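Colleague: I would like to know what the terms for this model rest on. Please go through them with me.

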Amino acid sequence: NRVLFDEVSRIECVGIDQSRENLAMASRLLHDCIASGMLPGGIACEASFRQAPLLSRQCTRELGKHPAGFNLVIAGNVITELHGEDLQNLLREIEACMAPGGALTIIDPGTKKSSRQLLTVRDAALQATALHLCAPCLQSGPCPLADRGTAWCHEKIFWKPAGMVQAVDAVLPFT
């Protein structure tokens, strides 16, 4: 959306992952995106990538270096791997590092197994934080599908992937 970019002069990206290889790829993809002119002119982009386990003090310190908070937090292929107290702690950490009005986007495979786990994440987020839901379910109470063992849902968005996403898809074994 061009109107959104008209108000932005600087983008700061922070990547945290326990895999050095993932961080190197993210750095290359971001560099390629910037070099290709995908960002409108006049927008400066800075990036830092840090290797740290997600639930570590090192990760918390990295997030704490940004006192204004993040406008967008993207958790890709990690949320459904956590359970119980670890999950609730991570959701609280994410909430604490977000700017007012910020958004958390959870990207996980749209499978039955991960979708069922996301029901747990959804309920934990609503119970342990002040986060609000945007999709796929806008109900503020317990998930109506949680007690139905075979039911599942997820948000399916049809789109034409940007060049950077196509580059990731070419390397990763998604089908």
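Modeller: The protein chain has six helices and four strands. From the N terminus on, the elements run α-β-α-β-α-β-α-β-α-α. The model is predicted, so local features need pLDDT of at least 70 and side-chain atom pairs count only at pLDDT 80 or more, while totals for chains, interfaces and linings use all residues. Residues are numbered from 1 along each chain as its sequence is written, and side-chain values use heavy atoms, with hydrogens and water left out.

Colleague: What makes a stretch a helix or a strand?

Modeller: Both are DSSP runs, numbered from the N terminus: a helix is H or I with at least four residues, a strand is E with at least two. Helix α3 covers residues 57–64, and strand β2 covers residues 44–51.

Colleague: Why is the contact of Glu12 with Arg10 called a salt bridge?

Modeller: The term asks for a side-chain nitrogen of Lys or Arg within 4 Å of a carboxyl oxygen of Asp or Glu. The closest N and O atoms of Glu12 and Arg10 are 3.2 Å apart, so the pair qualifies. Glu46 also forms a salt bridge with Arg10, at 3.3 Å. That pair links distant parts of the chain, as Glu46 is in strand β2 and Arg10 in strand β1 (residues 10–17), 36 residues apart. A search of the whole structure finds four salt bridges.

Colleague: Which parts does the salt bridge of Arg50 and Glu62 tie together?

Modeller: The side chains of Arg50 and Glu62 meet at 3.4 Å, N to O. Arg50 lies in strand β2 and Glu62 in helix α3, so the bridge ties together parts that are 12 residues apart in sequence.

Colleague: Is Glu62 buried or exposed?

Modeller: Buried means under 20% relative accessible area, exposed over 50%, and partly exposed in between (1.4 Å probe, protein chains only). Glu62 has 10%, so Glu62 is buried. Arg50 has 34%, so Arg50 is partly exposed. Arg10 at 43% and Glu46 at 42% are partly exposed as well. Of the 175 residues of the protein chain, 25% count as buried.

Colleague: How do you know that strands β3 and β4 pair?

Modeller: Two strands pair if DSSP finds at least two bridges between them. Six bridges join β3 (residues 70–76) to β4 (residues 98–107), so these strands pair, and they run parallel. The bridge partner of Gly76 in β4 is Ile107.

Colleague: What makes Leu72, Ile74 and Ile107 a nonpolar patch?

Modeller: Patch residues have over 30% relative accessible area and no salt bridge; like charges are joined within 9 Å, nonpolar side chains (Val, Leu, Ile, Met, Phe, Trp, Tyr) within 5 Å. Ile107 has 45%, so Ile107 passes the accessibility cut-off. Together the three have about 290 Å² of accessible area (Shrake-Rupley method, 1.4 Å probe, only the protein chains shown counting as cover for residues).

Colleague: What does the term nonpolar core require?

Modeller: It requires buried Ala, Val, Leu, Ile, Met, Phe, Trp, Tyr and Cys residues joined through side-chain atoms within 4.5 Å. The largest such core has 18 residues, and those with the most contacts inside it are Val73, Ile79, Leu87 and Ile94. The elements giving two or more residues to this core are α3, β3, α4 and α5 (112–128). The largest share, four residues, comes from α4.
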